[in-house]
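Subject: Structure handover

Hi,

Here is the structure I promised to pass on to you. Have a look at it first, and then read on for what turned up.

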Amino acid sequence: MIRADRRFTIDEVAEELGISHERAQNIIHDILRYRKVSARWMPRQLTSTHQEQRMAVSLEHLVRYHEDGNDFLFRVVTGDETGVHHFTPESKSASMEWKHPSSPVRKKFKTTPSAGKVLLTVFWDPQGVLLLDFLEVGTINATRYCDTLSKLKEAIRKKRPGLLTSGVLL
């Protein structure tokens, strides 16, 4: 039953087999050695091209760190953007499945479309978040990016005095 549907609960197994909850639990846990676990949540699956690009950037940063030390690290401001979806996610307990010790770790990728979406742009440095910028659904163009970078410049000026004059590395 568990191999057919790994989301079966102990109560469902007990009811289907006409045995007690305790007996079903004993069989599943102690005899069959299954454990109820959640799939590991992954934001998305990276392509080999994305992985290579991340490796190249990481190596470049290591070379710069080797040359400049901690001064390099404290000048780095990192940014990322992602679509933030409006939806009610499946609860962790609802997504749990039975796993045998020899079963591979299951990964779950978000594939369901959402009811709505906004673009979140985040900038941070070693000391913390500098800017959170939300954009309602729309086109990202040069004007929009300039607005975001102007907001970032002002956030750096307020939160990290002197960083602009020493040179920010985006």
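Let me start with arginine 144, which sits in helix H5, the helix covering residues 142-159. Do keep in mind as you read that this is a predicted model.

Is arginine 144 buried or exposed? Its relative accessible area is 14%, and buried means under 20%, so arginine 144 counts as buried. Setting aside the neighbours within four places in sequence, arginine 144 is in contact with Asp133, Phe134, Leu135 and Lys151.

One of those contacts leads to the next point. Phenylalanine 134 lies in strand E7, and Phe134 also belongs to a nonpolar patch on the surface, together with Trp124, Val129 and Leu132. Taken together, these four residues have about 390 Å² of accessible area. Strand E7, which spans residues 128-135, supplies the largest share of that nonpolar patch, with 3 residues.

Asp5, Asp11, Glu12, Glu15 and Glu16 gather on the surface as a patch of negative charge. Among them, glutamate 16 is placed in helix H1, residues 10-17. Glutamate 16 has 56% relative accessibility, and the cut-off for exposed is over 50%, so this residue counts as exposed.

You will find arginine 33 in the loop between helix H2 (21-31) and strand E1 (35-37). Although arginine 33 is not a glycine, it has a positive phi of about 60°. Its relative accessibility is 47%, which falls between the limits for buried (under 20%) and exposed (over 50%), so arginine 33 is partly exposed.

Finally, the overall picture. The protein chain has 6 helices and 7 strands. Read from the N terminus, its elements run α-α-β-β-α-α-β-β-β-β-β-α-α. Of the 170 residues in the chain, 22% are buried. The chain exposes about 12400 Å², and 55% of that comes from carbon and sulfur atoms.

Best wishes

Methods: Residues numbered from 1 in each chain as written. Predicted model: local features only at pLDDT ≥ 70, side-chain atom pairs only at ≥ 80, totals over all residues. Heavy atoms only, no water. Patch = residues over 30% accessible without salt bridge, like charges linked within 9 Å, V, L, I, M, F, W, Y side chains within 5 Å. Areas by Shrake-Rupley, 256 points an atom, 1.4 Å probe, with all protein chains shown as cover. Salt bridge = Lys/Arg side-chain N within 4 Å of Asp/Glu carboxyl O. Lys, Arg positive; Asp, Glu negative; His and termini not counted. Charge placed at Lys NZ, Arg CZ, Asp CG, Glu CD. Helix = DSSP H or I, 4+ residues; strand = E, 2+ residues; numbered from the N terminus. Buried < 20%, exposed > 50% of the residue type's maximum accessible area, 1.4 Å probe, protein only. Contact = heavy atoms within 4.5 Å.
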